[in-house]
Amino acid sequence: MIRVFVPRDTTAAALGADRVAAAIVAEAARSGIPIELVRNGSRGAFWLEPLVEVEDGRGRRLFGPVNVEDVPGLFASGFPFDCDHPLAQGAPDDVEWLATQQRVTFARAGVIDPVSIRDYMAHGGFKGLEAALGMAPQAIVDVIKASGLRGRGGAAFPTGIKWQTVLDTPAAQKYIACNADEGDSGTFADRLLMEADPYQLLEGMAIAGLATGATLGLIYLRSEYPRARDVLEQAIALARAGGYLGDDLLGSGKAFDIELRLGANAYICGEETSMLNSLEGRRGLVRFKPPLPAIKGLFGQPTVINNVLTLAAASTILSDGAGAYAGLGAGDSKGTLTVQLSGNIARGGLVEVPFGTPLSTLLREYGGGTASGRAMRAVMVGGPLGTYLPESLWDTPLDYASFADVGGMLGHGGVVVFDDTVDMARQARFAMAFCALESCGKCTPCRVGSVRGVEVLDKIIGNNDIENNIKVLNDLCDTLVDGSLCAMGGLTPHPVRSALSHFPEDFRDR
């Protein structure tokens, strides 16, 4: 039977995928054409969503973007059989945007039925877990170390060292805490993976448990992701029923299970110690460090805290080997980077490329320039606490060292584009206002400093004693950097200072 794939993920649904799926089923029934409708995840080509795919034994053929009004015309032209239609994109390899990427973590995204274990295994799933079950904990940790995997949540801490610390800390109970509180504006990679390939995350968490001696994992999911919640709940139940979670992993006698917890709808709960407080049922305030969570974390026990993409990558590394993963990338930035293109961009979506790819390649070859058609002026990389980059820095390679050299950070891989109508003084104000709104309030520099920062920027924007207020703003940024308890306050000056440094005319020539 012909299989027709229509994504069920949040972005495709927002663009009308649910109505397109219903229209295809109805039109197929009217035409007497038997089809199997599969609600897959997205390939991340959001500029082509809803992206409808047909699989008929000869591979896949893509059509997009398909609106409800297009469905009758598609069937009239011969869909789902061979047909000539303006929305036909050919095979996946015919779409250069997809074919030129190096898909590792997102290799199955959009290809499989997200909750089908059979589909997952047919595309290499659970090979990493099977390998890990035959290994000693130290051997698993050594593989992760050799791969060079660093945390994808933003801090980029070496994953193998974190796992080693938890392994070496004796305790009756250890935990794996998955940070799925994806709060940065312009980021959606975690959500996309959970909605398109959830077993990869579950498998990676089980591997982390086997490596460190943890028997329970918790996924801390932001409450604004109801579709991811639905997919994860189904996947966890099916994995448990299939023996991939529970007291006897694949008959090995080893135990690991996963619970899903909803977040508290606060940006600060993406900070690891705030997340621990929230998981314990308390207010999401940051904790002093030390002790590190790897030694004294959830309920005072040793805890691995990694984000979704980090844990998902562990399944690939155990399946394909550390060398295959470490062979990608540049310098000490190993593997691939998932860039999320958004803002004023013609072809928004998720692009996976090896570390070291120039930012300009992402902006022009994948992004296709601005959606407005105007000149690109500024690019924010690294989320709301990242930096605004001018055109002179767009050829910077996307790796941790190169971005540190230009005063930037990769963060979670979010890239937000602005055209030449942007007011960078107002963007700096946005950063301060974001911090004032989302601060947990525990430390004074962040809680009070961000409010004063908004007030000073309002004076600059209002053309009030600009030079003196810029001096006050710089002093305030120093206080935030030196005195804040966590990265929230410490990084807020990054976007402010980068806007001030690279776009001074927006502050002084008002």
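1. Two strands count as paired if DSSP finds at least two bridges between them. In this predicted model, strand E7 (residues 216–221) and E8 are joined by 6 bridges and run parallel.

2. E7 and E8 belong to an open sheet of 4 strands, in the order E8-E7-E6-E9, and the pairing is parallel. Strand E8 (257–262) and strand E9 (303–307) are the edge strands; each has a single partner strand, so one side of each has no neighbour in the sheet. From one strand to the next, the twist averages 20 degrees. Helix H11 (residues 226–241) lies across E7 and E8, and runs at about 160 degrees to E8.

3. The other sheet to note is also open, with 5 strands in the order E2-E1-E3-E4-E5 and mixed pairing. E2 and strand E5 (88–90) stand at its edges with a single partner strand each, so one side of each is left without a neighbour in the sheet. Direction ignored, neighbouring strands of this sheet are turned by 25 degrees against each other on average.

4. Helix H2 (residues 17–31) lies across strand E1 (2–5), E2 and E3, and its direction is at about 175 degrees to E2.

5. Aromatic pairs come next. Rings of Phe, Tyr and Trp pair if their centres lie within 6.5 Å, and planes over 60 degrees apart count as edge-to-face. By this rule the count is 14 aromatic pairs. Trp-47 and Trp-97 are an edge-to-face pair, because their ring centres are 5.8 Å apart and their planes stand at 65 degrees. Trp-47 is in the loop between strand E2 (35–38) and strand E3 (52–55), while Trp-97 is in helix H4 (residues 96–99), so the pair ties together parts 50 residues apart in sequence.

6. Are the two Trp residues of this pair buried or partly exposed? Trp-47 is partly exposed, with a relative accessible area of 27%, whereas Trp-97, at 5% relative accessibility, counts as buried.

7. Tyr-120 and Phe-126 are edge-to-face as well, because their ring centres are 4.9 Å apart and their planes are at 80 degrees. Tyr-120 is buried, with a relative accessible area of 0%, and Phe-126 is buried with 2%. Together with Tyr-199 and Tyr-244, Tyr-120 and Phe-126 form one aromatic cluster.

8. Charged groups are also found over rings. Arg-347 lies over the face of Trp-47, at 5.5 Å from the ring centre. The charged end of Arg-60 sits over the ring of Phe-5, 3.7 Å from its centre.

9. Ser-278 deserves a separate entry. Ser-278 is in helix H12 (residues 272–279) and, at 16% relative accessibility, counts as buried; the cut-off for buried is under 20%. Its side chain makes a polar contact of 2.7 Å with the side chain of Tyr-220. With neighbours within four places in sequence left aside, Ser-278 is in contact with Tyr-220, Ala-264 and Cys-269.

How values were computed:
Residues are numbered from 1 along each chain as its sequence is written. This is a predicted model: local features need pLDDT of at least 70, side-chain atom pairs count only at pLDDT 80 or more; totals for chains, interfaces and linings use all residues. Side-chain values use heavy atoms; hydrogens and water are left out. Rings of Phe, Tyr and Trp (its six-membered ring) pair if their centres lie within 6.5 Å; planes under 30 degrees apart count as stacked, over 60 as edge-to-face and the rest as tilted. Helices (H or I, at least four residues) and strands (E, at least two) are DSSP runs, numbered from the N terminus. Buried means under 20% relative accessible area, exposed over 50%, partly exposed in between (1.4 Å probe, protein chains only). A charge sits over a ring if NZ of Lys or CZ of Arg is within 6 Å of the ring centre and within 35 degrees of the ring normal. A polar contact is a pair of N or O atoms within 3.5 Å; within protein, one must be able to donate a hydrogen and the other to accept it, and residues adjacent in sequence count only if both atoms are side-chain atoms. Contact means heavy atoms within 4.5 Å. Axes are lines fitted to C-alpha atoms, for helices over the stretch in contact, and angles run from 0 to 180 degrees between N-to-C directions.
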